[in-house]
Amino acid sequence: MNANQTVNWQVANQRYLEMAIGQTRAALQQYIARSQGQETVEVTTTSKELDAIAATMSSPPAVETLCDAFNLTPFERYILLMCAGVELSYSFAQLCATAQGNSQLAYPTFSLALAAFPDAHWSALTPAAPLRRWRSIEVATNESLIQSRLRIDERVLHYLTGISYLDDRLQGMVQPLTAIGELPPSHQAIAEQIAANWSQTPKDRILPVIQLCGEGAATSKIAIAAAACTALGVILQVMNAADIPVTVAEREALARLWEREAALSDRVLLIDCEDGDSATIRVVLSLLEQLQSLLIVATREPLTPRHRPTIRIDVNKPSSNEQKLLWKSALGSLATQLNGQLATVATQFNLSPPAIHSVSLEILNEWEREPTPHSLSQRLWNACRVQARSRLENLAQRIESTATWEDLVLPEPQRQLLQDMAASVRQRAKVYENWGFARKDRRGLGISALFSGASGTGKTMAAEVLANELQLELYRIDLSAVVSKYIGETEKNLRRVFDAAETGGAILLFDEADALFGKRSEVKDSHDRYANIEVSYLLQRMEAYRGLAILTTNLKSALDTAFLRRIRFVVQFPFPDVAQRQEIWRRIFPIDTPTEGLDLDKLARLNVAGGNIRNIALNAAFLAADTGKPVQMRHLLRAARCEYAKLEKQLADAEIVGWI
């Protein structure tokens, strides 16, 4: 309805409600007249007059919509209107007192209704009857049932007057959502499928629960549901599964409130249980059995309610081509100024349609403030990086990557392997999509690497260099948070990590990975069997992961050979020789650090790895700063003794001879 139609409907609805309450008033007046032996009052409002008003309205009057939705009998309708009349008119309350012969009873009761209204039936009083089941009226419990005070629910009263809003008891538990932006063709087809299924289901059948499953992001599933609801002209509300009450009584109250809300205002509920644990899933299943209204569930794995029919629809992530089209549509004229970078962005960042629209809006707003074409592609890339961070922040540690190739001291073969890895990540869009490798075989498209070598030889720094070079996020995976003694939990944790990382193609660094990726053992008991399942699951995810996954180990021989076969790059980080240690010492101090009398040849005699050299240099800098002097050999000697003590090594005289 447009604004004028809404105003006209509200005016007509108010008039209709007044006349309907007038009929109820007349019925009470007739009862009073009969009980006092007086001549009955003539009813001034007829059903034909009410029908005439309803015929002028763009949609049915609220009172009739409610009566139809809850299947109220004429007697129950009288009770509802009597309770509404008392709230809207002081004289109506006095009429109730007169009808009950007691000035203290200026309120409706079942006793009055049974005596005054036609077609009375006792079943209207029961908790299972519509008035009480749907909480349309509230019954005070301080008196006997038929003498208790009746009050109309505030939400229902406002609805009858033409004011519709979400019940305040549901506020905060459910959030409204409308269709935002354009959907990719594959997702639009699912939205149309949902709308067609609901519109074609006979009214006498229980509507099936639509389950949106699969690897697609929760935001994508919600966007699909919003589009389907928009097509049907209904309102979508989203509830997080974790917010569903655990106790049976509270969950029952929620179900009643929602069912009433859905009937009164054409609302559809979507329950988001993408990250729900087993306890949450049980609560969701219980609620599904109680609800009969239109319902959508966003979940990775399908749920299996016992009695409610369901339809499972798998939602996949939009393809790179679909994402590219979404970017073009969302960015508008700016897309032509990106010089073909959209293909690279669509391949690197696997963003959902809502995320693409969000990033595009941010870029468009920035462009209005500062239109600088030369930085447009960089702005887009950085915005995508930030957008993709959120899902991984609670699962892994993000490392700020500042190291460059200049900071990395390695033999040429190892350096070349690292550069080849960077090239593979940069050019995967061309090789996989344009050159057809992805169409020929979808397996093994992940880019994985193993960095092996002693502690401190530069494995983590190399990962930082790659992340900085490729302008990607680097996350270190905390194995203590991934590996679980409970069967199946390790796979779930790994799945969360890889799924979250897929959004931005982040570089995953499984540091000191021997514990998780060790040799698959011979199966001797159930624990061995499940340990092997964990490794097998990891192998599958490594092959399918769109980004770069790096494993570091101090002992390459500890890894399973079957695992090694599936790793694209294996880089051995050697312990630095004298020449390499000298080069590390040459680069270790920042340009702003004051130094005096440093002898690189002597420093290179220290038989330690690059990580230890950094610790010595840093500790020496603190010692020098505390004395107000430049960094000198004596500061480095003191720091070296401290580092060797930590390593439980003896600092040989040959290593420090002639230092000071």
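Student: What makes Arg155 count as lying over the face of Tyr165?

Tutor: In this predicted model, Arg155 lies over the face of Tyr165 at 4.9 Å from the ring centre.

Student: Why is the pair of Phe349 and Trp381 called edge-to-face?

Tutor: The ring centres of Phe349 and Trp381 are 4.8 Å apart, and rings pair if their centres lie within 6.5 Å. The planes of Phe349 and Trp381 stand at 75 degrees, and because planes over 60 degrees apart count as edge-to-face, the pair takes that name. The structure holds six aromatic pairs, and ring pairs also link Phe498, Phe510 and Tyr545 into a cluster.

Student: Which parts of the chain does the pair of Phe349 and Trp381 tie together?

Tutor: Phe349 belongs to the loop between helix H14 (341-348) and helix H15 (353-369), while Trp381 belongs to helix H16 (residues 376-389), so the pair ties together parts that are 32 residues apart in sequence.

Student: How do you know whether Phe349 and Trp381 are buried or exposed?

Tutor: Buried means under 20% relative accessible area. Phe349 has a relative accessibility of 1% and Trp381 has a relative accessible area of 12%, so both residues count as buried.

Student: What makes S3 and S8 the edges of the sheet?

Tutor: The open sheet of six strands has the order S3-S5-S6-S7-S4-S8, with mixed pairing. Strand S3 (174-177) and strand S8 (310-314) each have a single partner strand, so one side of each is left without a neighbour in the sheet. From one strand to the next, the twist averages 25 degrees.

Student: How do you know that S4 and S8 pair?

Tutor: Two strands pair if at least two bridges are found between them, and strand S4 (residues 209-213) and S8 have five bridges, in the parallel sense, so they pair. Within S8, Ile313 is the bridge partner of Leu212.

Student: Which strands pair with S12, and where do its side chains point?

Tutor: Strand S11 (residues 474-476) is joined to S12 by three bridges and runs parallel to it, and S12 pairs with strand S13 (residues 548-553) in the parallel sense, again over three bridges. From strand S12 (residues 507-510), Ile507 and Leu509 point one way and Leu508 and Phe510 the other way, and all are buried. Phe510 stands opposite Leu551 in S13.

Technical notes
Residues are numbered from 1 along each chain as its sequence is written. This is a predicted model: local features need pLDDT of at least 70, side-chain atom pairs count only at pLDDT 80 or more; totals for chains, interfaces and linings use all residues. Side-chain values use heavy atoms; hydrogens and water are left out. Helices (H or I, at least four residues) and strands (E, at least two) are DSSP runs, numbered from the N terminus. Axes are lines fitted to C-alpha atoms, for helices over the stretch in contact, and angles run from 0 to 180 degrees between N-to-C directions. Rings of Phe, Tyr and Trp (its six-membered ring) pair if their centres lie within 6.5 Å; planes under 30 degrees apart count as stacked, over 60 as edge-to-face and the rest as tilted. Buried means under 20% relative accessible area, exposed over 50%, partly exposed in between (1.4 Å probe, protein chains only). A charge sits over a ring if NZ of Lys or CZ of Arg is within 6 Å of the ring centre and within 35 degrees of the ring normal.
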